[in-house]
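Hi there,

Here is the structure I promised to pass on to you. Please open it alongside this email, and I will walk you through what turned up.

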Amino acid sequence: MSNANIEAFKARFGALPAVCAIAPGRLEVLGNHTDYNEGFVLSTAVDRATTVSMSPVEGTVCTIHENGKDCTLDLNDLTTYVKGDWRNYLKGLILELQKRGAKIGAFNAELSSTVPLSAGMSSSAALEMAFGFALKTIFKIELSLPDWARAGQGVENNFMGLKSGLLDQFSSLYGKKDSLILCDFRTVEVLKTVSMPAGWSMVVANTMVKHNLVESDYNLRRQSCENALAAIQKKYPAVKALRDVDSAMLESCKDDMDITDWKRAKHVVGEDERVMQGVKLLEAGDIRAFGALLFASHESSRDMFENSCTELDALVEIAKTLPGCAGARLSGGGFGGISIHLVESDQAEQYCERLKTAYKTMTGKVAETLICGIGDGARVL
Ligand code: GLA
């Protein structure tokens with residue numbers, strides 16, 4: 001992919017690029033909506049990525065060539081948001097980097113991606129981090145990796161209006177081939193990496209239900225978590241985030257808050273507990289028990305956080321009936337998008353076919369599946 005991207009840059013702009021940067025999409029394996037509650041997530045980078053080749057040019061107009069077509073971006077017009085235009089992410093990123101002191105000039109770029117769009121694999125974080133790493137090299141921007149993740153989060157929070165956490169950018173940066181990373185979003189670091197269990201694969205099944213977090217209830221869910229936190233802090237002043245709350249503490253505050261806020265917090269607190277338990281099970285090689293946690297996570301999303309939908313529920317219910325699957329759950333923001341399935345590698349292809357057939361019967365819709373490789377994080381070639 002990256003060589004093809006460099007070749008395409010050369011064919012369009014007549015010279016080799018000064019830099020080629022690549023940033024992958026991610027999968028949230030366990031730990032749903034815990035990131036902005038300073039909690040834990042088990043995630044991976046995938047072997048599908050966004051690639052940006054780039055060279056600096058004079059003036060203020062950037063030319064970006066993608067899929068055989070040119071589009072431009074004027075550095076004098078970075079603040080206009082255009083609905084549905086991918087350049088919003090680039091505008092937002094340049095603004096975030098300028099806030100952090102970067103001096104960014106114009107450039108030519110070739111853009112390509114193998115991360116499915118709007119599906120829950122964080123194509124937007126891959127785009128932000130690929131452009132970020134290309135800009136970093138050309139314009140000598142010095143930021144720590146957590147600050148790169150924060151710059152990407154700033155794009156979502158300040159330009160796109162999505163109050164997301166750090167998971168997507170963080171996983172795109174820190175992912176490690178064939179491993180799961182245990183992320184701590186209080187200290188913003190990888191606590192440990194755990195190998196993907198030998199003989200097991202991640203199957204991604206896309207509901208093909210449109211997934212647009214900006215217009216979803218994502219921000220409302222985050223607000224609910226904050227409401228629950230405020231109520232808990234009255235009883236437990238030492239608590240700084242839902243990360244500090246355990247199930248017993250939450251239970252003791254049940255009557256002090258709105259029942260909906262309590263359900264949202266219940267999901268988050270349960271997810272943090274499941275992540276830590278999950279890591280131990282993976283390290284002990286107990287894949288079946290780990291898979292059961294994936295199913296439990298999905299149930300909690302469905303019943304407590306209410307960020308599932310009929311189609312996601314269908315995929316997870318079918319998973320329970322098919323041979324070779326240890327566990328499955330919705331992955332990412334929810335409200336549509338993808339589910340992940342932990343499947344025995346030698347059964348994975350047949351599993352995908354069976355899943356699609358049953359999904360069509362149950363919902364009348366056509367799912368897309370892929371057996372997803374686990375790749376390394378963002379890098380400059
Ligand atoms: C989206 C957000 C992340 C995270 C997940 C849910 O992917 O961008 O920050 O909150 O949803 O875990």
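Predicted model: local features only at pLDDT ≥ 70, side-chain atom pairs only at ≥ 80, totals over all residues.

**The ligand site**

Let me start with the ligand. There are 13 residues around it, and those that come nearest are E28, H33, D35, D168 and Y218.

Which side chains place an N or O atom 2.6 Å from an oxygen atom of the ligand? E28 is one of them, with a side-chain N or O atom at 2.6 Å from a ligand oxygen. Y218 also has a side-chain N or O atom 2.6 Å from an oxygen of the ligand. For R26, the distance between a side-chain N or O atom and a ligand oxygen is 2.8 Å.

Helix α2 spans residues 87-99 and helix α3 spans residues 123-139; their axes come within 10 Å and cross at roughly 50°. That angle makes α2 oblique to α3, and the crossing is right-handed.

Helix α3 turns up again in the next pair, with helix α5 (residues 167-174) as its partner. Here the axes come within 9 Å, crossing at roughly 55°. These two helices are therefore oblique to each other, and α3 passes α5 in a right-handed crossing.

The last pair is helix α9, residues 287-305, and helix α10, residues 310-321. How are these two oriented, roughly parallel or roughly antiparallel? They pack at an angle of about 150°, with 11 Å between their axes, and that makes α9 roughly antiparallel to α10. The crossing of α9 and α10 is left-handed.

Best wishes

Methods
Residues numbered from 1 in each chain as written. Heavy atoms only, no water. Near = heavy atom within 4 Å. Polar contact = N/O pair within 3.5 Å; in protein donor to acceptor, adjacent residues only side chain to side chain. Axes fitted to C-alpha atoms, helices over the stretch in contact; angles between N-to-C directions. Helix = DSSP H or I, 4+ residues; strand = E, 2+ residues; numbered from the N terminus. Parallel < 35°, antiparallel > 145°, perpendicular 65-115°, else oblique. Left-handed = near helix turned anticlockwise from the far one by under 90°.
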